Amino acid sequence: MKRFLFNLHSWMGLIAALGLIVIGLTGSILVFNEEIDRNMAPGEVIVSPTPEGRLPYDALLASVRKAVPGYVVTGWSVANSPTKADQFYVVQEGTSEWRSVRANPYTGEVRGTPTESSKTLTGWLLELHYTLFADHAGLIIAGLFATLLFFLGVTGVWLYRGFWKTLFLLRWGRSARIFFSDTHKMVGITTVVFNLILGFTGAWWNFSHILHHMLEEEHVEEDPPIHRTFEAPGTSIDALIAKRKPKPPTTSPAISPCLPLRRMTSFPTASWRPMAPSAATMEASPPLMPSLVSSRTSPM
């Protein structure tokens with residue numbers, strides 16, 4: 001039994017190694033996505049606060065719509081820092097290709113032109129991280145790598161179940177094979193809980209999306225062309241925010257990162273982009289968003 005598990009553990013490691021290295025490195029880099037964006041495009045991302053503060057939401061939205069004629073504003077990522085520009089998601093009328101553009105929330109100035117996520121460094125890394133540039137097939141492959149990571153942790157704990165006896169033993173004076181074996185055991189056991197969580201949640205994230213796509217959206221036209229937003233005529237975001245239920249005094253009022261402005265029936269083409277406004281809601285105001293968006297999507 002032990003020999004079988006050892007061989008199984010070894011083969012799973014060999015099969016998953018390259019994929020897990022790519023996913024791990026890109027994920028580690030993407031932790032610093034905001035810092036990367038700031039340094040790669042400071043003229044678009046960094047803004048200077050003004051004494052007057054942010055523009056009203058309606059005024060800022062109108063400014064963006066005026067600056068990108070021929071595009072429909074489909075999502076809005078409100079900056080979580082006073083020195084960061086807001087990010088708007090737009091789709092060219094009659095198409096389904098999502099792009100983004102940034103706007104200064106203090107002046108309404110739109111910076112840059114609508115750009116596909118994959119054309120930016122962080123967008124490129126994100127697509128590699130989630131789909132390995134293979135869309136749904138890549139999502140399944142990445143999910144399988146995550147599954148292998150989970151079972152590598154399970155089999156590793158079983159094989160090295162007496163780990164507390166020699167956990168920090170590194171036999172420096174022996175052969176390289178023995179030294180690296182000791183290092184592998186020490187690193188594997190000390191990180192096993194983290195790896196089990198990563199493997200399980202990563203597999204669940206990917207496979208749940210695939211199942212959702214297969215079971216719940218098979219009758220829906222994918223990526224339908226967009227011609228206009230679907231908020232009710234005369235809808236005022238500022239008025240809706242003013243009517244929202246106040247939050248407890250211990251927390252500061254905020255809008256969640258994405259403010260959807262269209263009725264969504266499926267994910268856009270790049271459905272793994274975390275900023276795609278799929279199922280976002282306004283904090284402390286659950287009843288508010290249905291007036292702006294009706295969403296059938298799962299998170300992500």
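Predicted model: local features only at pLDDT ≥ 70, side-chain atom pairs only at ≥ 80, totals over all residues.

Residues are numbered from 1 along each chain as its sequence is written, and side-chain values use heavy atoms, with hydrogens and water left out.

**Stop 1: the pocket**

Select Leu20, Leu149, Leu152, Thr191 and Asn195: of the 48 residues lining the largest pocket, these lie nearest its centre. A pocket here is an open set of points on a 1 Å grid over the protein atoms alone, where a 1.4 Å probe fits, with protein on both sides within 12 Å along at least five of seven lines; lining residues have an atom within 4 Å of a point. Its volume is about 1,800 Å³, taken as the space filled by probe spheres set on the points, which are joined across faces, edges and corners.

Now colour the helices H1 (2–30), H5 (121–131), H6 (135–159), H7 (176–190) and H8 (192–216), the elements that each give two or more residues to the lining. Helices (H or I, at least four residues) and strands (E, at least two) are DSSP runs, numbered from the N terminus. H1 provides the largest share of this lining, 14 residues.

While you are on helix H1, click His9. His9 is buried, at 16% relative accessible area (buried means under 20%, exposed over 50%, partly exposed in between, with a 1.4 Å probe and protein chains only). Beyond residues up to four places away in sequence, His9 touches Leu152, Thr155, Gly156, Leu159 and His184 (contact means heavy atoms within 4.5 Å).

**Stop 2: the cores**

Which residues have the most contacts inside the largest nonpolar core? Select Val64, Trp76 and Phe88, in a core of 16 residues. Such a core is a set of buried Ala, Val, Leu, Ile, Met, Phe, Trp, Tyr and Cys residues joined through side-chain atoms within 4.5 Å. Helix H4 (57–67), strands E1 (71–77), E2 (86–92) and E3 (98–103), and helix H9 (237–243) each give two or more residues to this core, and H4 gives the most, with 4. Apart from this core lies another, of 7 residues, including Ile23, Ala142, Phe145 and Leu148.

Also in helix H4, pick Ala59. Ala59 is partly exposed, at 37%, and its C-alpha atom is 9.3 Å from that of Asp238, 179 residues apart along the chain.

**Stop 3: the rings**

The structure holds 8 aromatic pairs: rings of Phe, Tyr and Trp (its six-membered ring) pair if their centres lie within 6.5 Å, and planes under 30 degrees apart count as stacked, over 60 as edge-to-face and the rest as tilted. Trp172 and Phe179 make a tilted pair, 4.8 Å centre to centre with 45° between the planes. Next, show Phe200 and Trp204, a stacked pair at 6.4 Å and 20°. Both lie in helix H8, 4 residues apart, about one turn of the helix, and both are exposed.

**Stop 4: two positive phi values**

Finish at Phe133, in the loop between H5 and H6. Its phi is near 60°, positive in a residue other than glycine. Asp135, in helix H6, also has a positive phi, about 55°, without being a glycine.
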